[in-house]
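This briefing is meant to be read alongside the sequence and the 3D view. It moves from the record's annotations to the overall fold, and then to individual helices and residues.

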Amino acid sequence: MDIFLIILAFVSLFIAIIGSVLPALPGLPLAYLSLWLGRWSGYTPFSNTFMLIMAAVTLVVFLSDYFLPPLILKRTGGSKAATWGSIIGMILGMIFTPIGMLLGMLLGAFLGELWYANRSGSDALKAAFGAFLGFLLGTGLKLLLCFYIFYALIVELIA
């Protein structure tokens, strides 16, 4: 049973890494779950303190993924049209992942600002880059946390 839990922890973590990029999968909750699966297996005896700290870090990164992109978009002069455009563009771009997602998000935010918010080309481009930067920052933080959890699991398994 213990080996099964470790395998399940790494499968969960692998899905979490994919979920950190794809918005349809719950990346961070699965990454945190992988810590619990490892702990329950007995092979990775994480302390209660470590688990509480990781819960807090996971929560902060999870919430920052929702708050950072709109804040950055607002600071770069973007509107809700850029937000919706970037979301729609990213979903449509998923067909051509991962480059299609990034280009779709940029193009969607740009067109949203240009057409629906009636902004000039330079203002729309500035907002599109703000949406792109917000996405990269949120995704980067999620990936960083997932890879740290992967590292923590490996270190505890080897020790």
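For "transmembrane region", an unreviewed UniProt entry lists residues 47–68, 88–111 and 131–154; UniProt positions are given in the numbering used here, feature names are shortened, and annotations may be inferred rather than shown by experiment. The model is a predicted one, in which local features need pLDDT of at least 70 and side-chain atom pairs count only at pLDDT 80 or more, while totals for chains, interfaces and linings use all residues. Residues are numbered from 1 along each chain as its sequence is written, and side-chain values use heavy atoms, with hydrogens and water left out.

**Annotated spans**

- Residues 88–111 are 79% helix and 0% strand, and the end C-alpha atoms of this span are 11 Å apart.
- Residues 131–154 are 100% helix and 0% strand, with end C-alpha atoms that lie 35 Å apart.

**Overall fold**

- The protein chain has 6 helices and 0 strands, where helices (H or I, at least four residues) and strands (E, at least two) are DSSP runs numbered from the N terminus; along the sequence the pattern is α-α-α-α-α-α.
- Taken along the principal axes, the C-alpha atoms of the protein chain fill a box of roughly 60 × 30 × 20 Å.
- Of the 159 residues in the protein chain, 39% are buried, and here buried means under 20% relative accessible area, exposed over 50%, and partly exposed in between (1.4 Å probe, protein chains only).
- Among contacts (heavy atoms within 4.5 Å) between residues at least 6 apart in sequence, 67% join residues at least 24 apart.

**Helix H1**

- Helix H1 (residues 2–21) has 20 residues that should span 28 Å at 1.5 Å a residue, and its end C-alpha atoms are 30 Å apart, which agrees; the expected span is 1.5 Å times one less than the number of residues in the helix.
- The buried residues of H1 are Leu5, Ile6, Ala9, Ser12, Leu13, Ala16, Ile17, Gly19 and Ser20.
- Seen down the axis of H1, these buried residues fall within an arc of 160°, so they line one face of the helix; the arc is that of the directions from the helix axis to the C-beta atoms.
- The exposed residues Ile3 and Phe14 are carried on the face of H1 turned away from its buried side, whereas the cover over its buried residues includes helix H2 (27–41) and helix H6 (121–158).

**Packing of H2 and H6**

- The axes of H2 and H6 come within 10 Å and cross at roughly 10°.
- That crossing makes H2 roughly parallel to H6, a term for angles under 35 degrees, with over 145 counted as roughly antiparallel, 65 to 115 as roughly perpendicular and the rest as oblique.
- Axes are lines fitted to C-alpha atoms, for helices over the stretch in contact, and angles run from 0 to 180 degrees between N-to-C directions.
- Leu28, Ala31, Tyr32, Ser34, Leu35 and Gly38 in H2 meet Lys142, Leu145, Cys146, Ile149 and Leu153 in H6.

**Individual residues**

- Gly138 lies in helix H6 and is buried, with a relative accessible area of 1%; Gly138 and Asp65 are 73 residues apart in sequence, yet their C-alpha atoms are 4.6 Å apart in space.
- Ser64, in helix H3 (residues 48–75), is buried with a relative accessible area of 15%, and, leaving aside its neighbours within four places in sequence, Ser64 is in contact with Pro69 and Leu141.
- Ile95 is found in the loop between helix H4 (80–93) and helix H5 (99–116), and Ile95 is exposed, with a relative accessible area of 67%.
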